[in-house]
Amino acid sequence: ALPKPPLLGKATAPKRLVVWGSYTCPFTAQLFSILAKIVHDMPDAASVEWHHFPTHAPDPALHVAGLGFTGNHFWGFTYRVLGAVLGAGGNYDMLTNEKLIEFAKAEGGSEETLKAAYADKAKWAAVKEDLIAGQLLGVTLTPGLFYNGYFMTPEGLPLNTAAFDKSLRAMLKTA
């Protein structure tokens, strides 16, 4: 059986945003900065479920590395990777093994944590299953955001992220 997808926020939150994201995508990083604030500001209303959608050559291994962590450490590792990509304007060349080890150590892990994740066939299978599921749902660009069965970002992240944030918050307050 595949592991449950990582969840940001309370599992009991009545509303769940489901994201297919890429660790090498600056738009995924932008969306997660929005979603993390929404979950923080509305902890009893919304949670975010993460699914892997690797889009570039190093991406599958980055996603597997992320699965070496659980709970808040998964999110810490994920935010460090996405933050580095966003800070570099979308360039992911700095995501070297040394940089990933640095991120792992910052989350209480080590080089061994990453090696164990890379050796775990179930983690590779989980990334592949997420990718296939995302493709079947029509995700071609990241991030792919879904809510209540609606594909919110079929053309990618909206250019006006402030308006998108405001709309998401209004949507989550109602219904």
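Let's start at Pro143, which sits in the loop that runs between helix α6 (121-136) and strand β4 (144-147). Keep in mind as you look around that this is a predicted model. The link from Thr142 to Pro143 deserves a look: the peptide bond joining these two residues is cis, with an omega of about 0°.

Now follow the chain through β4 to the loop between β4 and β5 (150-151), where you will find Asn148. Is Asn148 buried or exposed? Asn148 has a relative accessible area of 57%, and because the cut-off for exposed is over 50%, Asn148 counts as exposed.

Next, turn to a pair of helices. Helix α1 covers residues 26-41 and helix α3 covers residues 71-87; their axes come within 8 Å and cross at roughly 130°. Angles from 65 to 115 degrees count as roughly perpendicular and those over 145 as roughly antiparallel, so α1 is oblique to α3. The crossing of α1 past α3 is left-handed.

Which residues make this contact? From α1 come Pro26, Thr28, Ala29, Gln30, Phe32 and Ala36, while α3 brings Trp75, Tyr79, Leu82, Val85 and Leu86.

Technical notes:
Residues are numbered from 1 along each chain as its sequence is written. This is a predicted model: local features need pLDDT of at least 70, side-chain atom pairs count only at pLDDT 80 or more; totals for chains, interfaces and linings use all residues. Side-chain values use heavy atoms; hydrogens and water are left out. Helices (H or I, at least four residues) and strands (E, at least two) are DSSP runs, numbered from the N terminus. Buried means under 20% relative accessible area, exposed over 50%, partly exposed in between (1.4 Å probe, protein chains only). Axes are lines fitted to C-alpha atoms, for helices over the stretch in contact, and angles run from 0 to 180 degrees between N-to-C directions. Angles under 35 degrees count as roughly parallel, over 145 as roughly antiparallel, 65 to 115 as roughly perpendicular and the rest as oblique. A crossing is left-handed if the near helix is turned anticlockwise from the far one by less than a right angle, and right-handed if clockwise. Contact means heavy atoms within 4.5 Å.
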